[in-house]
Amino acid sequence: MQPALSIHNLSKTYASGFQALKSVDLEIRRGEIFALLGPNGAGKTTLIGIVCGTVSATTGTVLADGHDIVRDYRAARSRIGLVPQELSTDAFESVWATVSFSRGLFGKPPNPAFIEKTLRDLSLWEKRDQRIMTLSGGMKRRVLIAKALSHEPQILFLDEPTAGVDVELRRDMWQIVRELRASGVTIVLTTHYIDEAEQMADRIGVISRGELILVEEKAELMRKLGTKKLTMHLAHPLPALPPGLPETGLTLSPDGRQLVYTYGPQGQETGIAALLESLAATGIAVADLRTEQSSLEEIFVKLVENRP
């Protein structure tokens, strides 16, 4: 099946000499939620800008639903919706007018029923006749989302869509994302809320200093790069680790009441059974056990920190 988005050898160097993107290759599947993670200045917004036609690439090609974004700009752009970071809206227009106008920009015929559904889904229906300049920041963000959805795109870019917004909008936003995905829309997400990526994404891409350093299925990424911790709450505190226990991966808490064993998630042999036998042999009683696994945020931080 043809990918929803195909990016090959994409680079961007600005007039100042700063290289924002370095030979990025990426294919995004139809109907998936793809999370693009990276620190500020990593190249996320530049990449989105090139695909959406607001930034010119230095080298490379991009196909959106099979259409070249340069040679077949109108067809490619009509497939794409963008929810930008900035709250740039037509301040004197009403909510209904600006969302309807956005639909018309892409050559779509009027569809009041669709516009109404979009506004209702985003809790904007009661605000439809208000001028945007009178809305709160959260409501303006909802208008940006409605404008991006107005022409029924097949590829939707969400560039930090919930940064600085209230919990209610985040909940509404992710409900709409789930519905869009169920209808076959491809979602590309950048976010600082890594818990959102962990909850929503099918695959994760990590970009750092303009380079795409990793693309992986979310579950596989956490399996490969995550670590697990076994915390053993002791019945009686220890002054120090007794001899005969593993020398690596085992630490004693400062108060002596917890032993923490850190191990990798790969394979079946974790050494836990042998560790518990050793504890029993030395007379150390374990009152309780708790296991934890690395979060996506911890994996992301390690990936970026380890880059040269």
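**Close-up views of a predicted model**

Gly53 follows helix α1 and has a positive phi, near 85°. The model is predicted: local features need pLDDT of at least 70, side-chain atom pairs count only at pLDDT 80 or more, and totals for chains, interfaces and linings use all residues. Residues are numbered from 1 along each chain as its sequence is written, and side-chain values use heavy atoms, without hydrogens or water.

**View 1. Helix α1 is largely enclosed by the rest of the structure, because 7 of its 8 residues are buried.** Buried means under 20% relative accessible area (1.4 Å probe, protein chains only). The buried residues are Lys44, Thr46, Leu47, Ile48, Gly49, Ile50 and Val51. Helices are DSSP runs of H or I with at least four residues, strands runs of E with at least two, numbered from the N terminus.

**View 2. The largest cavity holds about 40 Å³ of space.** A cavity is a set of points on a 1 Å grid over the protein atoms alone where a 1.4 Å probe fits but cannot get out; lining residues have an atom within 4 Å of a point. Its volume is the space filled by probe spheres set on the points, which are joined across faces, edges and corners. At least two lining residues come from each of β1 (5-13), β2 (19-28), β3 (33-37) and α1 (44-51). Phe34, Phe157 and Val188 are among the lining residues.

**View 3. Val286 lies in strand β14 (residues 286-293).** Val286 is partly exposed, with a relative accessible area of 32%; partly exposed means between buried and exposed, the latter being over 50%.

Methods:
On a 1 Å grid over the protein atoms alone, a cavity is a set of points where a 1.4 Å probe fits but cannot get out, and a pocket is an open set with protein on both sides within 12 Å along at least five of seven lines; lining residues have an atom within 4 Å of a point.
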